[in-house]
Amino acid sequence: MPAISIIIPVYNVERFLERCLDSVLAQTWRDWEAVCVNDGSLDSCQAILERYASADSRIRVVNKPNGGLSDARNVGLKNAGGEFIVYLDSDDFIHPQTLEIAMALQQKTGTDIVSWYKDPNYRNKTFVRHFLGLDTIAYKPFGYRKKYDIEKIKYHVTDDVFAHCTEYSHPKGIDWPIKHFYVWRHLLRKSIIEDIQFIKGLTFEDFPWWSAVMLKSPSMTITYLPFYYYYPNFASIDLGSSRVKKTRNWCRGLDVSYRLYREKATDYQMNKWSQNCKWPVISSMIARWLDKFVPGTPEYEYVWETLSSLWEEGAFNDAQTDRDINSAEKLRQFLKR
């Protein structure tokens, strides 16, 4: 059984797939398997996966009909044999020392999760190269070639994940913040997450998934090493979705997460999650975009019904900051009809 299973959902990413797999093969930590879930790709991804799998037995291919990103990740986890899980999107890539450093920190601290971060400059530099007509696929930033000394790495260990997790990009009063709900920034003990499913058909599925992981109260090691290279794929869910579709999905994720926390969270967990996760999502991803919805459309009706139900259940009664209060007022105005 490998120490780490890297779960890679694959769908129509023939331009990027080799780069992704090459970054896995370049890992200085060798005890891994890559579970590549081919989610009904219509391009040459299947052939690429078979070629890599035939060259290295650690690469396993699971074929399935198209079911979306969440479904592919769920299937990948079901087929994973490692004690630890790392998620990697197939249009992105990782630093060669990602697994080595993550496992070294886990072995040193014994925590359930080791968290790192994405390269803060790679995405913007890739946008610039794209608009200048320069190559963006083969391009790797200088940091990709940097070699890290485990003894010099700064990190923080905590048993209180709620004191650190936030959706704010510039959180105040949070030391060692774990910013945003990114799935692909962690080494996760499989036993912690194996009963948490990604919601099939939901985009921005990382919000309810990570909210559920937080409720397991995992011990965590936090480092800010820029090990993940997030590529701005214009066909991706994030860049390829309309604002109305994005907002609708955020509403669904909010509905699922709030009901889970109302049922299972302690007062402390609910307060921290609400302040640092729920309200940033409401303010940035939902309330500010409600004027994009056209009354009478299916999208409008779904969002109205979802937010109306949450309003009646008191989900928006705990607004504290001016921003939260303004967002709550936008919700109230939207629900008047």
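Visitor: How many salt bridges does the count come to in this structure?

Guide: Side chains of opposite charge can pair when their charged atoms come close. In this model, which is a predicted one, the count comes to 15 salt bridges.

Visitor: Which residue forms a salt bridge with Arg 262, and how far apart are the closest N and O atoms?

Guide: The partner of Arg 262 is Glu 313, and the closest N and O atoms of this salt bridge are 2.4 Å apart. The pair links distant parts of the chain, since Glu 313 sits in the loop between α11 (298–312) and α12 (322–335) while Arg 262 belongs to helix α9 (residues 243–264), 51 residues apart. Glu 313 counts as partly exposed because its relative accessibility is 29%, and Arg 262, with a relative accessible area of 46%, is partly exposed as well.

Visitor: Which residues are linked with Glu 313 and Arg 262 in a network of salt bridges?

Guide: Asp 255 and Arg 259 are linked with Arg 262 and Glu 313 in that network.

Visitor: Which parts of the chain does the pair of Asp 112 and Arg 189 tie together?

Guide: The side chains of Asp 112 and Arg 189 meet in a salt bridge, at 2.9 Å from N to O. Asp 112 lies in the loop between α4 (98–109) and β6 (113–118) and Arg 189 in strand β10 (residues 186–189), so this pair ties together parts that are 77 residues apart in sequence.

Visitor: Are Asp 112 and Arg 189 buried or exposed?

Guide: The cut-off to keep in mind is that buried means under 20% relative accessible area. Asp 112 counts as buried because its relative accessibility is 15%, and Arg 189, at 17% relative accessible area, is buried too. A further salt bridge joins the side chains of Lys 64 and Asp 71, at 2.7 Å from N to O, and both of these residues are buried.

Visitor: Which residues lie nearest the centre of the second largest pocket?

Guide: Of the 17 residues that line the second largest pocket, Tyr 168, Lys 172, Gln 275, Asn 276 and Thr 321 lie nearest its centre. The volume of this pocket is about 260 Å³. Helix α10 (residues 267–286) gives the most to the lining, with 6 residues, and by type the lining residues divide into 4 nonpolar, 9 polar and 4 charged.

Visitor: Which residues make the nonpolar surface patch of about 290 Å², and where is Leu 132 found?

Guide: The patch is made by Val 128, Leu 132 and Leu 134. Leu 132 is found in the loop between α5 (122–131) and β7 (156–158), and this residue counts as exposed because its relative accessibility is 61%, the cut-off for exposed being over 50%.

Technical notes. Residues are numbered from 1 along each chain as its sequence is written. This is a predicted model: local features need pLDDT of at least 70, side-chain atom pairs count only at pLDDT 80 or more; totals for chains, interfaces and linings use all residues. Side-chain values use heavy atoms; hydrogens and water are left out. Patches are made of residues with over 30% relative accessible area and no salt bridge: like charges are joined within 9 Å, nonpolar side chains (Val, Leu, Ile, Met, Phe, Trp, Tyr) within 5 Å. Accessible areas come from the Shrake-Rupley method with a 1.4 Å probe; for residues, only the protein chains shown count as cover. A salt bridge is a side-chain nitrogen of Lys or Arg within 4 Å of a carboxyl oxygen of Asp or Glu. Helices (H or I, at least four residues) and strands (E, at least two) are DSSP runs, numbered from the N terminus. Buried means under 20% relative accessible area, exposed over 50%, partly exposed in between (1.4 Å probe, protein chains only). On a 1 Å grid over the protein atoms alone, a cavity is a set of points where a 1.4 Å probe fits but cannot get out, and a pocket is an open set with protein on both sides within 12 Å along at least five of seven lines; lining residues have an atom within 4 Å of a point. Grid points are joined across faces, edges and corners, and a volume is the space filled by probe spheres set on the points. Ala, Val, Leu, Ile, Met, Phe, Trp, Tyr, Cys and Pro count as nonpolar, Asp, Glu, Lys and Arg as charged, and the others, Gly among them, as polar.
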